[in-house]
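I opened this entry to record what I looked up in the model. I start with the strands and work out to the helices.

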Amino acid sequence: MIYNCHIHTFKDADIPRGFLPLGLVRVLSTKPGFRVVSRILNNINPFSDNDAFDRYVKFVELGRLGSQEAIYKNCRKFYPKNSKFGILAMDMAYMGAGKVPRAYFDQLKELGELKLKYPETIPFVHIDPRRNGYMDILKKCVEDWGFRGVKVYPPLGYFPYDERMYSVYEYCQANHLPIITHCSPFNPVHYKGKKKELRKLLEQGRDRIDTRGMSRKEMCSKFTHPLNWEYVMEDFPALKICLGHFGSAHYWSEFLDNPDGPDNWFLIIKDMLERYPHLYSDISFTLNKKEYFPLLKVLLQDKLLRNKILFGSDYYMVETEATERRFSLDLRAYLGEDDFMTIAKKNPEQFFATRFND
Ligand SMILES: [Zn+2]
């Protein structure tokens, strides 16, 4: 039995209308629109390294499967029987990208039904503190629907140490519920509203941030910075937190080329993992590039670090389906059973253990 600690099953109806550029979400949501646009996009530049368009198409194709169950089953088939899956919900209503077609409550309820039917799933409720009644939602998810963790997504426009999140952390710490937070910079899922609004959100930060000349992506990375979690861990020393994506391929690659470069999130996270006993990091998305396997292998030889890294794939945010199977198989073969089972079984068992016995 292994754990994939980080996957997504939200549907196209959970994605705001303005999420993709050029009104693509709306066009792609119809069958003919999807067929035409995917053909055009696939033909725009088949040799381009810039695979953003291909990814959009794949992304929307999976999101359109109709139900979270269908999306989940499409992921599960690539893993050994009895595998367990951390499924992270997404609340994209406050990212300034327009209206989300279906209510967040319905996405969560559907995940709760999935949990009933597939007990091997471990749903995480995403908490955006701008949503009214988020504590009630959290408790309903955990106590009635079997959710076993909280997802935090700072680049949508809130800081991890936002005071409104403190009741969430208190509840999680008391119940040993783990937190998984997005922790890579410059990603396409970030606050898309007006820059003026974004500046206002950034003013909530503890440090003064000079945003002159910064792109929106760079600005949103200020919310996401791993060091923001130090404040939370000082106040909630027993809270289990996983920094998703281990700082991103961008910083892994930067580390390989320029190991002493400043403000490298890979290095910052590695250092934090050594200092905070309940802090973890997952390799989802980032390790989809095989060129990083050797560095991961070396990290896992470190006595301390090897207990802090979790296996995850970030299904279905990765480009193609084939990568899902290849990723887990190739990585397992490369690492060998001992190292692989450490990140795919031993560490997740610790991370996912809660006060609820189920
Ligand atoms: Zn993810």
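One term first: I count two strands as paired if DSSP finds at least two bridges between them. This is a predicted model.

**Entry 1: S2 and S3**

I looked up the pairing of strand S2, residues 84-88, with S3. The two run in the parallel sense and share four bridges. Leu 88 sits opposite Phe 124 of S3. I then followed the chain between the two strands.

**Entry 2: S3 itself**

How many residues of S3 are buried? I checked residues 121-126, and six of the six are buried. Next I sorted them by direction. Thr 121, Pro 123 and Val 125 point one way, while Ile 122, Phe 124 and His 126 point the other way.

**Entry 3: S3 and S4**

I moved to strand S4, residues 150-152. S3 and S4 pair in the parallel sense over two bridges. Val 125 has Val 150 as its bridge partner in S4. The chain gets from S3 to S4 by way of helix H6 (residues 134-144), in a right-handed β-α-β crossover. I also noted that His 126 stands opposite Lys 151 in S4.

**Entry 4: helix H6**

Which residues of H6 are buried? I found Tyr 134, Leu 138, Cys 141 and Val 142. Seen down the axis, the buried residues of H6 fall within an arc of 90 degrees, so they line one face of the helix. The face of H6 turned away from the buried side carries exposed residues, namely Asp 136, Glu 143 and Asp 144. I looked for what covers the buried residues of H6, and the cover includes H5, S3, S4 and H7. Past the end of H6 comes Gly 146, with a positive phi near 75 degrees.

**Entry 5: the whole sheet**

I stepped back to the sheet. It is open, with eight strands in the order S1-S2-S3-S4-S5-S6-S7-S8 and parallel pairing. Strand S1 (3-7) and strand S8 (309-310) stand at the edges with a single partner strand each, so one side of each has no neighbour in the sheet.

I looked up strand S6, residues 241-244. Ile 241 and Leu 243 point one way, Cys 242 and Gly 244 point the other way, and all are buried. Strand S5 (residues 179-182) pairs with S6 in the parallel sense over four bridges. His 182 stands opposite Gly 244. S6 also pairs with strand S7 (residues 279-282), again in the parallel sense, over three bridges. There Ile 241 stands opposite Leu 279.

**Entry 6: the nonpolar core**

Which residues have the most contacts inside the largest nonpolar core? They are Val 125, Val 150 and Ile 241, in a core of 91 residues. Helix H12 (residues 265-275) gives the largest share of this core, five residues. I listed the contacts of Ile 241, leaving aside neighbours within four places in sequence. They are Ile 179, Thr 181, Trp 229, Met 233, His 278, Leu 279 and Tyr 280.

**Entry 7: helix H10**

The buried residues of H10 (residues 228-235) are Asn 228, Trp 229, Val 232 and Met 233. They cover an arc of only 125 degrees around the axis, which puts them on the same side of H10. They pack against helix H7 (166-175), S6 and S7.

**Entry 8: the chain overall**

Last, I took the totals. The chain has 15 helices and eight strands. Of its 358 residues, 43% count as buried. The C-alpha atoms fill a box of roughly 55 × 50 × 45 Å along the principal axes. A compact globule with 358 residues would have a radius of gyration near 21 Å, and the 19 Å of this chain agrees. Among contacts with a separation of 6 or more, 78% join residues 24 or more positions apart.

Technical notes:
Residues are numbered from 1 along each chain as its sequence is written. This is a predicted model: local features need pLDDT of at least 70, side-chain atom pairs count only at pLDDT 80 or more; totals for chains, interfaces and linings use all residues. A residue is buried if 20 or more other C-beta atoms lie within 10 Å of its own, exposed if 12 or fewer, and partly exposed in between; C-beta atoms are placed from the backbone. A crossover is right-handed if, with the strands pointing away from the viewer, the path from the first strand over the helix to the second runs clockwise. A nonpolar core is a set of buried Ala, Val, Leu, Ile, Met, Phe, Trp, Tyr and Cys residues joined through C-beta atoms within 7 Å. Two residues are in contact if their C-beta atoms, placed from the backbone, lie within 7 Å. The radius of gyration is taken over C-alpha atoms; the globule rule is 2.2 Å times the number of residues to the power 0.38. The arc is that of the directions from the helix axis to the C-beta atoms.
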